[in-house]
Amino acid sequence: MRSPRFIVIVGTGTGVGKTVLSSLLTRRFVELGGLRCVALKPLCSGGRSDARFLRRAAGDVLPLDAVNPWHFREPLAPAIAARRAGREVRAEDVVGSIRGVAKQGFDLVVVEGAGGLLSPLAEDLDARDLIRRLRATPVIVGANRLGALNEIFLTWDALPRAVRNRTTVVVMEPRRTDLASRTNLPELRERLGDGRVVSFPFLAEWENTLANPLPPGLRRPLDALIAKITDRASGPSTPR
Ligand SMILES: [Mg+2]
């Protein structure tokens, strides 16, 4: 079993659970040991709390400015917030920064994007470009609600076919299930393949879980996701 060097967590939109999943996945990798793992949110806008959670999840091994080198005051897509702040961020700087962290002795770098797959991260960069340039393993995160099928299929379809081969979909369950959330999961598994989709339980106060060993109810879906990610990274369909 071989782990990918870079995992890019992409949302179907904003506020769907990327930070929760990125943090808990990172924490689980750290708990399992054997790999030096870190999580980055290269671009934040409208606050750096995501980066703080990711930093804590990895055990505070990097300073905040390394976890999040670019941050902007206005809560907009980072490229827009940067432009309005009179700054310009280039793809090569972002990719270079992520690779630079990996070279500090990390085996695995979890990268949280901002917003959805095509949300402008920099003038010439979105999360899809980031996946391509890092040859990353993508994880699509979507909220399980009415409309989720469309959101997830749109994101899935926007990925190049070769990249889809190594993509896993994580469905964040709502506080209370409803008819849509109950029927979405089997539909996703039917269309994308049973092995593509992981259901993640609703967490009321997920931040607190970072202070303690993860409970079995979280370890199970995280280990299922890790198995899928690592299988795909070493599988024959992984493009080089
Ligand atoms: Mg987030």
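This is a predicted model: local features need pLDDT of at least 70, side-chain atom pairs count only at pLDDT 80 or more; totals for chains, interfaces and linings use all residues.
Of the 240 residues in this protein, 53% count as buried, where buried means under 20% relative accessible area, exposed means over 50%, and partly exposed covers what falls in between, using a 1.4 Å probe and protein chains only. Residues are numbered from 1 along each chain as its sequence is written, and side-chain values use heavy atoms, with hydrogens and water left out.

Let me turn to the overall form. The protein has 10 helices and eight strands, taken as DSSP runs numbered from the N terminus, with at least four residues of H or I for a helix and at least two of E for a strand. With 240 residues, a compact globule would have a radius of gyration near 18 Å, and the 17 Å of the protein agrees with that; the radius is taken over C-alpha atoms, and the globule rule is 2.2 Å times the number of residues to the power 0.38. Along the principal axes, the C-alpha atoms fill a box of roughly 45 × 40 × 35 Å.

If we leave aside neighbours within four places in sequence, Leu21 is in contact (heavy atoms within 4.5 Å) with Ile9, Val139, Val141, Val170, Met172, Phe200 and Leu225.

What does Val163 touch, not counting residues up to four places away in sequence? The partners are Ile131 and Pro138. Val163 has its place in helix H8, residues 161-164, and is buried, with a relative accessible area of 6%.

Asp124, by contrast, counts as partly exposed at 36% relative accessibility, and lies in the loop between strand E5 (108-116) and helix H6 (127-134). Not counting residues up to four places away in sequence, Asp124 touches Val89, Arg90, Ala91 and Asp129. Ala91 is 33 residues from Asp124 in sequence, yet their C-alpha atoms are 5.7 Å apart in space.
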